[in-house]
Structures are given as structure tokens and as C-alpha cells.
Amino acid sequence: MKNRIVRAFAGSFVLISLLLAHYIDANWYWFTAFVGANLLQSSITKWCLLETILTKFEIED
């Protein structure tokens, strides 16, 4: 369950930031890059802030 939520958040943030970059301001691409960097970091370190937050809210796998 947690993995699905993390993927849904990441995908939503990427799509929303792409829409904002296209329609509002190109600086929103930095947010897209941040999400991508965070995904890369979590694949290397096996730590994700959102998973920690979901655990604190007692949302389990």
C-alpha cells in the first residue's frame, strides 16, 4: 500500500509540475527535477521521506 501511495504522489507531482511549467512558468521544471532527484536518491539509499511520514500516520504495507 505504501509503495502505491509513494508512486502516486511522485507521478502526480511530476505531471502537475509539467503542467505548471508549460502554462505558468518554466521555472517549475526545477520542481520536476527535484522530484526526479528524490526518486533517484531513494533508490540508492532505500530511504524516502514520504514513507517515513506514512509510517508516522500508521499507514502500513
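**Reading this predicted structure**

Me: What is the accessible surface of the protein, and which share of it belongs to carbon and sulfur atoms?
Reply: The accessible surface of the protein comes to about 5,000 Å², of which 68% belongs to carbon and sulfur atoms; such areas come from the Shrake-Rupley method with a 1.4 Å probe, and for residues only the protein chains shown count as cover. This is a predicted model, in which local features need pLDDT of at least 70 and side-chain atom pairs count only at pLDDT 80 or more, while totals for chains, interfaces and linings use all residues. Residues are numbered from 1 along each chain as its sequence is written, and side-chain values use heavy atoms, with hydrogens and water left out.

Me: Which secondary structure does the protein have?
Reply: The protein has three helices and zero strands, in the order α-α-α from the N terminus on; helices (H or I, at least four residues) and strands (E, at least two) are DSSP runs, numbered from the N terminus. Taken along the principal axes, the C-alpha atoms fill a box of roughly 35 × 20 × 15 Å, and 20% of the 61 residues count as buried (under 20% relative accessible area, with exposed over 50%, partly exposed in between, a 1.4 Å probe and protein chains only).

Me: How should I read the largest pocket, and what is its volume?
Reply: Rolling a probe the size of a water molecule over the atoms shows where empty space is left. On a 1 Å grid over the protein atoms alone, a pocket is an open set of points where a 1.4 Å probe fits, with protein on both sides within 12 Å along at least five of seven lines, and lining residues have an atom within 4 Å of a point. The largest pocket here has a volume of about 300 Å³, a volume being the space filled by probe spheres set on the points. Its lining has 14 residues, and F9, F13, N38, C48 and L50 lie nearest its centre. Two or more lining residues come from each of α1 (2-23), α2 (29-45) and α3 (49-56), with the largest share, six residues, from α2.

Me: How are aromatic pairs read, and how many does the structure hold?
Reply: A pair of aromatic rings is described by the distance of the centres and the angle of the planes. Rings of Phe, Tyr and Trp (its six-membered ring) pair if their centres lie within 6.5 Å, and planes under 30 degrees apart count as stacked, over 60 as edge-to-face and the rest as tilted. The structure holds four aromatic pairs. The ring centres of W28 and F31 are 6.3 Å apart with planes at 80°, so this pair is edge-to-face.

Me: Where does K46 lie, and what is its phi near?
Reply: Most residues other than glycine have a negative phi. K46, in the loop between α2 and α3, has a positive phi near 60° and is exposed at 74% relative accessibility. E58, in the segment after α3, also has a positive phi near 60° and is exposed at 67%.

Me: Is L54 buried or exposed?
Reply: L54, in helix α3, is buried, with a relative accessible area of 8%. Apart from neighbours within four places in sequence, L54 is in contact (heavy atoms within 4.5 Å) with K2, I5, V6 and I59.
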